[in-house]
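Please look through the sequence and the model shown here, with attention to backbone torsions, hydrophobic cores and helix packing. The report that follows takes these topics in turn.

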Amino acid sequence: MAKKRPQTKAVTPQQTDGEIPVVGAREPCPCGSGRRYKACHGRAAAHAVTQHVQRPFEGLNGECDWVALRELVPAATAPLALKGGLPEGVPSVTLATVLPMAWPALRRDDGSILLALQNESSSGDLARDLADTLQRALETEPGSPVPARRVPAEGPRLQELLDADVDFAPEVHEGFEFWVPESGDNASPEVTASLERANAAAIPTVRLTGVDAAYWCETPEKNHLRWVMPHPEEKLLDALARLHAAGISSLGEGTRLVGSFRAHGLMVPVWDLPSEMRADDCEKPAAEFAERLAAALAEDAPLTPEQRRARGGLTNRQVTLS
């Protein structure tokens, strides 16, 4: 049998200069490579959209509280200030931990905006997702929720929209009544049902006033203190290990440092507390612990064998939330 000649394809000149326009994933790539867009320049675009940002709130005022409201606090709000001020017709912009029906944002009848923090990320960068939702909320008709969507890779981040000169001041609530405006507007049956479910599931939580980003919470078995800290993880683990090995890592009698969460690039040490220890009871012990921690963070001597064992125990009890 005669051998078949290998088939050859004509070489199409590739477009190398200028931006490659976006087309359908299965269409030929506009660069002229002959491949589908999704297998050529679309691959880089998709990667840019989904690439994970480890510390999405870095650079924002109150980064630790942003992390806490995202991962630890059921019901809280915080006013947001925009660069250049609020546009006409928008009396306020308020960050909320969560909104009914998992709406990304809501433009109320009076034009004010509620922006939800505890929603899924489509881009891998929460700051970009929130900025996209906020921009769309500013253009949404009053009285309407803002739907979710896949966020473009080239959009701004929240750090570019918020006024860096204004402090971040979260307020923790017992429930989600902040969903319903004080004007007494009638909530829909769906919102009412969602409100009842959310209130029933909310864990009582209080933000301490004497230290930053520390949150007391109550559970049926015992209470906890969850404290989001800004220090580099390895340095913080060393400092906690020094305190733990010295027997001074607790917050007083009946309390115990049990481990930590890792969330959005920051560490969140967690203490078990007796059920009778309330938020007010944590204020003085937390302030005293902050002083001990500052001293331990300033040490740079190598860890002793006992401190290394304590560090290993803390590392083994670390849970990554995001």
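Alanine 102 sits in the loop between S2 and S3, where helices (H or I, at least four residues) and strands (E, at least two) are DSSP runs numbered from the N terminus. The model is a predicted one, in which local features need pLDDT of at least 70 and side-chain atom pairs count only at pLDDT 80 or more, whereas totals for chains, interfaces and linings use all residues. Residues are numbered from 1 along each chain as its sequence is written, and side-chain values use heavy atoms, with hydrogens and water left out.

Methionine 101 has its place in the loop between S2 and strand S3 (105-107).

| Residue | Phi | Relative accessibility | Class |
|---|---|---|---|
| Methionine 101 | near 55 degrees | 36% | partly exposed |
| Alanine 102 | near 55 degrees | 52% | exposed |

Most residues other than glycine have a negative phi.

The protein holds eight helices and twelve strands, and buried residues make up 44% of its 322 residues. Where contact means heavy atoms within 4.5 Å, 61% of the contacts between residues at least 6 apart in sequence join residues at least 24 apart.

A nonpolar core is a set of buried Ala, Val, Leu, Ile, Met, Phe, Trp, Tyr and Cys residues joined through side-chain atoms within 4.5 Å. The largest such core has 40 residues, and those with the most contacts inside it include Phe57, Trp66 and Val228. Among the elements that give it two or more residues are helix H2 (63-71), strand S1 (76-80) and helix H3 (126-139), and H3 supplies the largest share, six residues. Leaving aside neighbours within four places in sequence, tryptophan 66 touches residues including Phe57, Leu80, Leu130 and Phe168. Another core, of 26 residues, lies apart from the largest one, with Leu240, Cys282 and Ala296 among its members.

Helix H6 (residues 233-245) and helix H7 (residues 279-298) pack at an angle of about 115 degrees with their axes 9 Å apart, the axes being lines fitted to C-alpha atoms over the stretch in contact and the angles running from 0 to 180 degrees between N-to-C directions. H6 and H7 are therefore roughly perpendicular to each other, a class that covers 65 to 115 degrees. Residues making this contact include Leu236 and Leu240 of H6 and Phe289 and Ala296 of H7.

Definitions and conventions. Parallel < 35°, antiparallel > 145°, perpendicular 65-115°, else oblique. Buried < 20%, exposed > 50% of the residue type's maximum accessible area, 1.4 Å probe, protein only.
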